Amino acid sequence: MSEYSIETINIRRTFKIDRMARKDAGRILVALDDVNLQVKPGELFGLLGPNGAGKTTLIRILSTLLSPTSGEAYLNGIDAINDLKRVRPIINTVSGGETCGYGILTAAENLRLFTELYGIPWKVAKPRVEKMIHVVGLDKFKGVKVNKLSTGMRQRVNFARGFVTAPKVMFLDEPTVGMDVNAAREIRDFIRNWQSENPDCTILLTTHYMAEADELCDRVAIVDKGTTQGCDTPAALKKMVQKETALELTISGDEPVPEHWHSFTGIVKLVATPNPSEKVTGIRALLDSADASGRFINEITSTGRLLLDLRTSEPTLEDVFIKMTGRRLTEVSDSKPGSEE
Amino acid sequence: MITGVRYFLKVALARAYVRIIGAQRELSWIIGDTLLPFLSVAAYVYVYRAMNAPPEYTGFVILGGIVVTFWMHMLWSMGMQFFWEKEMGNMALYLMAPLSRPALLLGMAIGGIFMTSTRAIMIYVASRFLFGIQFNITEPMMALAVSLATLLALYGLGMMLSSLFFIAGRGIFYGMQVMMEPVFFLGGFYFPVKQLGMMVATAAAAIIPVSLGLDALRQTMFGAYDSALFTPKTELIALLVMGVVFVYSSIVILHKMEAVGRREGKLFLKNQ
């Protein structure tokens, strides 16, 4: 068995913008730029980054749906770029917010269909289908046609579809996106339980929810603009900013904050998010000491802007992201994907 | 994991099952795919009767009406199937799986032939009951062979179109439109295609399998040898050659398109 379950070596993927209607037609978009990852067997590895960071592109490459522009990728030691016949039986993917299969079939029939597409004998597949139907809470609906199920239920069927083939390497692309709090919690519980029951299964999970990455993942790589900015356990990553104080402020006015606040003595990183609808600005600042907070608050009030709210908090993965990229995770979620050459 | 021929057949039957079970669960097709086409067939029957055309012309129309259902199904449900699968998000899941692509195409074709045959039988029964069509099957084995060869060529063409179009955008709708009305005319669905002149008819028959199929079926089922383009045997051979070429091409094209799609990022929807 290979030392790593997932290994990428200098994976790069570019796209040419070819829509003539776009002003930037012809330009090259770098979706992934020399990404190197090593994920150990049985690990639950997270890719944390905003929308457009390149997480899904990486999953598409690893799941054999997209060729990289350059670089190498191996899954359980098998060449995932060129040896598709050997790699496909051991992988599967679930993308959150998506449905699958055919509305005319029941949930159980859809799951059976996908086991047959993977060549799994029915005597092996049958208990798995029943278990997955139970796990995703669709026992009462297993005989109902999928087109009669709610969107949330169809997402659960899709989730079950990914696991029913018992993959050795599982890719979960934003698995809880669009789900309500309870459904997301159930899915996270399932992922944890699945991994404890299948310790040889490696899971690569992408998310832009820092709490999800923090709660679930053994290790996390921070991804932004197609590159990995850092990779370690959530605890170790947070330790990088533990000596700093995270300050969450709301001040009056939605005009840009003065440039010198970013380099104010004692401030390691500062991100300001104006909210024009409420005429306020949210600030998250990492301070190198508690003393700096007093001086910084004086600075704010001296400009005539009112301090409406002030909180200090334990550093989170968001602070790690801010420290590494200079931006908030949520702030960049709606920005354009990738970087341009 | 099952391998080899068993795996191939399992995939084909699994995919065919979706269509076969679908035909039983959603009965709305009886109106859309049987009753409405039957009305158009009936209109042609009354036109020919008003013109005092020979009785076998009514049979030609019914036969044409039956073949139209196959043609329409081949275009919209077979030729565009991979496009629909991509729109639904299934295509990426299929391509990620270790399954044989030809098995998937075969499953679609088997399911499609089952569904369309059901429609064809219903149109035939209704026509026979309402218009009293009498067949004069002179060569039953040849008629059967030509029917099967026509299905092979037709669904081979459908497999090829599906492979060709699956990484295409919505522009393929225009392509499909082009293959409807002109083919209705050149295919000779409601009249012997020889009426178009030998050159045009032969050119049409060289690319539209139903032209040859219909011509051969008219001869073997209604004894219409005078208006025939070629002999049934020649047409059978041509259909078999077309079928093999289309099926083989579909496999080659699908692999090629998958490679192109993988390189250009077209195997999934942008928002997937």
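Predicted model: local features only at pLDDT ≥ 70, side-chain atom pairs only at ≥ 80, totals over all residues.
Two strands are taken to pair if DSSP finds at least two bridges between them. On that basis, 6 strands of chain A form an open sheet in the order β6-β7-β8-β3-β9-β10, with mixed pairing.

The chain contains 10 helices and 15 strands. Along the principal axes, its C-alpha atoms fill a box of roughly 75 × 45 × 45 Å. Of the 341 residues in chain A, 46% are buried. Among contacts between residues at least 6 apart in sequence, 73% join residues at least 24 apart.

The account now returns to the open sheet. Six strands of chain A build it, in the order β6-β7-β8-β3-β9-β10. Its edge strands are β6 (91-95) and β10 (227-232) of chain A, each of which pairs on one side only. On average, and with direction ignored, neighbouring strands of this sheet are turned by 15 degrees against each other. At one end of the order, strand β9 (residues 219-224) of chain A pairs with β10(A) in the antiparallel sense over 5 bridges. A:Ala221 has A:Cys231 in β10(A) as its bridge partner. Helix α10 (residues 317-325) of chain A packs on the sheet, where it touches β3 (44-48), β9 and β10 of chain A. The direction of α10(A) makes about 40 degrees with that of β9(A).

A further set of pairings in chain A involves strand β11 (residues 245-252). β11(A) runs antiparallel to strand β13 (residues 280-287) of chain A, and 8 bridges join the two. Within this pairing, A:Leu249 has A:Ile283 in β13(A) as its bridge partner. β11(A) is also joined to strand β14 (residues 307-313) of chain A, by 6 bridges and again in the antiparallel sense. Here the bridge partner of A:Ile251 is A:Leu307 in β14(A).

The helices of chain A may be considered next. Two packed helices are described by the angle between their axes and the distance between the axes. Helix α3 (residues 107-117) of chain A packs with helix α4 (residues 122-135) of chain A at an angle of about 135 degrees, their axes lying 10 Å apart. Why is this arrangement called oblique? Angles over 145 degrees count as roughly antiparallel and those from 65 to 115 as roughly perpendicular, whereas the rest, once those under 35 are set aside as roughly parallel, count as oblique; α3(A) and α4(A) are therefore oblique to each other. Their crossing is right-handed. On the α3(A) side, the contact is made by A:Ala107, A:Ala108, A:Leu111, A:Arg112 and A:Thr115. On the α4(A) side, A:Ala125, A:Arg128, A:Val129, A:Met132 and A:Ile133 take part. The residues of this contact divide into 7 nonpolar, 1 polar and 2 charged.

Helix α3(A) also packs with helix α5 (residues 151-163) of chain A, at an angle of about 30 degrees and with the axes 9 Å apart. That angle makes α3(A) roughly parallel to α5(A). The crossing of α3(A) and α5(A) is right-handed. A:Ala107, A:Asn110, A:Leu111 and A:Phe114 in α3(A) meet A:Val157, A:Ala160 and A:Arg161 in α5(A). By class, this contact has 5 nonpolar, 1 polar and 1 charged residues.

A:Arg128 has its place in helix α4 of chain A. Is A:Arg128 buried, partly exposed or exposed? A residue is buried if 20 or more other C-beta atoms lie within 10 Å of its own, and exposed if 12 or fewer do. A:Arg128 has 18 other C-beta atoms within 10 Å and is therefore partly exposed. Not counting residues up to four places away in sequence, A:Arg128 touches A:Thr115, A:Val164 and A:Ala166. From C-alpha to C-alpha, A:Arg128 and A:Val181 are 27 Å apart in space, and they are 53 residues apart in sequence.

In the contact between the chains, 28 residues of chain B meet 26 residues of chain A. The elements that give two or more residues to the side of chain B that touches chain A are α1 (4-25), α5 (90-96) and α12 (232-264) of chain B. With 8 residues, α1(B) gives the most to this side. The residues on this side of chain B divide into 17 nonpolar, 6 polar and 5 charged.

Terms used: Residues numbered from 1 in each chain as written. Chains lettered and ligands numbered in written order. Contact = placed C-beta atoms within 7 Å. Helix = DSSP H or I, 4+ residues; strand = E, 2+ residues; numbered from the N terminus. Nonpolar A, V, L, I, M, F, W, Y, C, P; charged D, E, K, R; others polar. Axes fitted to C-alpha atoms, helices over the stretch in contact; angles between N-to-C directions. Left-handed = near helix turned anticlockwise from the far one by under 90°.
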